[in-house]
Amino acid sequence: MASLGGNILPPDPHAYIYLAGIAVLLLVGLCFSTLLTKGAKDGENPSLAQSLWLFFYSCFLKPHDGNGDGNQQDALESFYKKQAGAYDATRKALLKGREDMLALAAAQLSHRAENDDEKKRRIWVDVGGGTGWNIEAMSRFVDVTQFFDCVYLVDFSPSLCEVARKRFEKLGWKKVKVICQDARKFRLEDHEPDFQGRHVSRSPVRIYFSSERPKHGGADLITMSYSLSMIPDYYSVIDSLPSLLAPNGLVGVVDFYVQSQVDVNFRNYTGGLVNRHVNFFGRTFWRAWFDIDRVGLEPGRRDYLEYCFGTVLNVNTRNYVLGAIPYYIWLGTHKRPSSPGLLHEIVEKVDALVTESPYLHPANHSTALSLAVERATPEIRSKAFDAAILNLSSNLPLPSFFYQNHHYRIYYDDQLKKHTQFNDEYIYAFTWEDTRVDERILKLKSDDVVLAITSAGDNLLSYALQSPARIHAVDLNPAQNHLLELKVAAFSSLPYEDFWKIFGEGKHPEFRSLLLSKMSPHLSSRAFQYWLNNHHIFTRSKGGLYDTGGSKHGIRIFRCITRMFGCRSAVKEMLATKTLNEQREIWRSKIRPALLSRFVSKFVVSQEAFLWTALGVPKNQLAIIEEDHAVSGAVCGPDSRAKNTRSHAIWEYMVNTLDPMVESTHIAADNPYYLVTLDGKFSRRCHPDYLSPQAHARLSRPGAFEGLRIHTDEIDEVLARIAPGTLTVAVVMDSMDWFDPGSNAAAAQIAKLNRALRMGGRVMLRSAGLRPWYLDEFERHGFAAKCMGERTPGKCIDRVNMYASCWTCTKRENLPPPTPDMDSMVGPEITSLQI
């Protein structure tokens, strides 16, 4: 038999079968396409089968040929002409996030409209608007024909524009104008009467060559829905948008993307990086896949958009219906305000509000403020100020915090290890400090400046009800501050019933919708990303807000113990009691024998891992408990009943915590802290102060949180950047228990507290010890310590009864160098300060 020679093998018979099958498939497809499209007249809506086939044929089979011009419009028509009528029917599953982007944009515009007294034309420009689906979909969130004075749909495809014209003719929306034009050449002055108060010549020579485009336009909203990735020359299109956008206008974009985290980790202006990273396989596959249809997913498109504008909100997510396609939603505004001096004012004002430095109203700013700040504390600048100066000097946008509607969340670097160590999880879903006792001890006044640890934010909201001048909330865990932000946003945007469902019951089936359409204008980008990514906390059937966070482990273990000992029903029975005596009887006979058994104490509660993970008790605080136990009457007294061991120390501590609490407070009626622990929710009868209708009415007023500043940092870092002698109250909870005994770190923080506090200012703290070691440090650093409550066996210190003592340390003297007096710092040039 003759050989083919070399390394050439005879053709495999199966190859002929495969090739023949492909040829037949293509032939059948061509015939099927002809039959499906032949019956549908141009402009009619095709059937579902026709729509799906046209989509598949146009994307994967039909060659992209046009009329030979070879330009972008020719390419678009080649792709869209046959499927224009089927476009909307086939894109619902593919183009996810469009409704979300519109909801976010509508929420922002509605919020700004409520706070803008000036009456002017409201204009929306939808770039690459295609068939007009976006504009019609916007009617779910606002009345398009009433809210906007004019809407321009700009698209380069004549076929899609024709579909859009017929859509709006059918709807009767005469305010919507469809412009078939290259987006780079679209100008409002060509279409708006008396644009910006001046007559504009229609001469193309004058407009496009002789005159500069304005830095700001008149469009309140510009949207791009899956169009940026379809534009080859995206640089020039993005460059043209600022001249269309009004000074306080908004840009909304939703589109596909792929990007590695190494590209963006160093950027502080993106508004957060949650879910932004796409792995190597995803980046390679999706770019190649979309490149077939001339859809560009290179990261540069989004990067340039974020470089040219300031980020307001940013979302990175996946379309899990079709293989987890990455897409993003982005809202932005002008990179620089309309007035160059205004940017300086914004940065200075935010810096002054963070550091408690003097700030004059812009009309009186100039030299007086500069001299005052320089003479006062030239070294004190906030981290927000440092980041802003760094970005401005590099011609970069400011961090997204500067573009928010509210400035209470202060800039922080979310990529630092000290923040990422918490793995995007808060520890406390509710606060364990009795706010009733705080109110009685502190008696806050309108001129008080308070610094407090955030925790779940419940205590801070209680302080806000007393209307102090300023509240500085401090927490190293970003998620704890996200939770506080969510509560503040809910106060600012939701009616009481929705607010109650979210934070009273811990669940709301419409939470995601409320987050997008109501609360989003009041959240920072990072907090919004966090809650959108975790919206299931409030919408799932089981659990809820109060079954989340690190403390959920302790609650779940308690439930497990009650099931193991068969007393779960007794817990429900106790919560249903009408009187304190009924509660005591059930506790003594059914629950206490299980929960306070030596077995549970030795093998569960006394373990360091449980104490830290479930209860947030660090080793140093555990050591304080053990030291007090070693000298207590239970070990050394005449009727000693316990050994000097860790398990016995924890058991005694639990007994001294729970027995007096159950004996003296009716959980179902007046102890929300244990009610939510046992039942997973609050009740209308028993809840924290901030959940009352009266509190909602007060804190939902405009400006209720203007004095709030949320710092994501260590207490030391915040104290170091606050102007000396400005704080009046510092609430540090039990954080001092965490320091190593006798450490320089504790002394350093106490010294910073002394410098930041005014004379007579107070530090309020709680401790697991009866007289913790660091009280001596306070007294050595100019404070006078006073015990405000001490827990003894059988006695309840407050409704929580979790801590052994409560103290206030009042500043009596300055440390060298003396804390400057604020009046002398400001100087004679400043006669009035306005925040």
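**Rings, charges and helix contacts**

Author: Arg 98 lies over the face of Trp 133, at 3.8 Å from the ring centre. Likewise, the charged end of Arg 526 sits over the ring of Tyr 412, 5.0 Å from its centre. A charge counts as sitting over a ring if NZ of Lys or CZ of Arg is within 6 Å of the ring centre and within 35 degrees of the ring normal.

The model is predicted: local features need pLDDT of at least 70 and side-chain atom pairs count only at pLDDT 80 or more, while totals for chains, interfaces and linings use all residues. Residues are numbered from 1 along each chain as its sequence is written, and side-chain values use heavy atoms, leaving out hydrogens and water.

The chain has 38 helices and 14 strands, which are DSSP runs (helices H or I, at least four residues; strands E, at least two) numbered from the N terminus. Of its 835 residues, 56% are buried, that is, under 20% relative accessible area with a 1.4 Å probe and protein chains only. Contacts are heavy atoms within 4.5 Å; among those between residues at least 6 apart in sequence, 74% join residues at least 24 apart.

The structure holds 31 aromatic pairs. Rings of Phe, Tyr and Trp (its six-membered ring) pair if their centres lie within 6.5 Å, with planes under 30 degrees apart counted as stacked, over 60 as edge-to-face and the rest as tilted. Phe 430 and Tyr 546 are an edge-to-face pair, because their ring centres are 6.1 Å apart and their planes stand at 65°. Phe 430 belongs to the loop between helices H16 (417-420) and H17 (435-442), and Tyr 546 to the loop between H23 (536-539) and H24 (552-564), so the pair ties together parts 116 residues apart in sequence.

A tilted pair is formed by Phe 491 and Phe 705, since their centres lie 5.9 Å apart and their planes are at 40°. This pair links distant parts of the chain, 214 residues apart: Phe 491 is in helix H19 (residues 478-493), and Phe 705 is in the loop between helix H34 (693-699) and strand E10 (708-711). Phe 491 and Phe 705 are buried. Elsewhere, ring pairs join Tyr 226, Phe 256, Phe 281, Phe 285, Trp 286, Trp 289 and Phe 290 into a cluster.

Helix H31 (residues 646-664) contacts helix H29 (residues 619-630), with axes that come within 9 Å and cross at roughly 90°. H29 is therefore roughly perpendicular to H31. On the H29 side the contact involves Leu 622, Ile 625, Glu 626 and His 629; H31 supplies residues including Arg 646, Ile 650 and Tyr 653. By class, five nonpolar, two polar and three charged residues make this contact.

The axes of H31 and helix H26 (residues 580-595) come within 8 Å and cross at roughly 155°. H26 is therefore roughly antiparallel to H31. Among the contact residues are Trp 587 and Arg 588 of H26, and Leu 658 and Asp 659 of H31. This contact has seven nonpolar, two polar and five charged residues.

For these helix pairs, axes are lines fitted to C-alpha atoms over the stretch in contact, and angles run from 0 to 180 degrees between N-to-C directions. Angles under 35 degrees count as roughly parallel, over 145 as roughly antiparallel, 65 to 115 as roughly perpendicular and the rest as oblique. Ala, Val, Leu, Ile, Met, Phe, Trp, Tyr, Cys and Pro count as nonpolar, Asp, Glu, Lys and Arg as charged, and the others, Gly among them, as polar.

Note on methods
Buried < 20%, exposed > 50% of the residue type's maximum accessible area, 1.4 Å probe, protein only.
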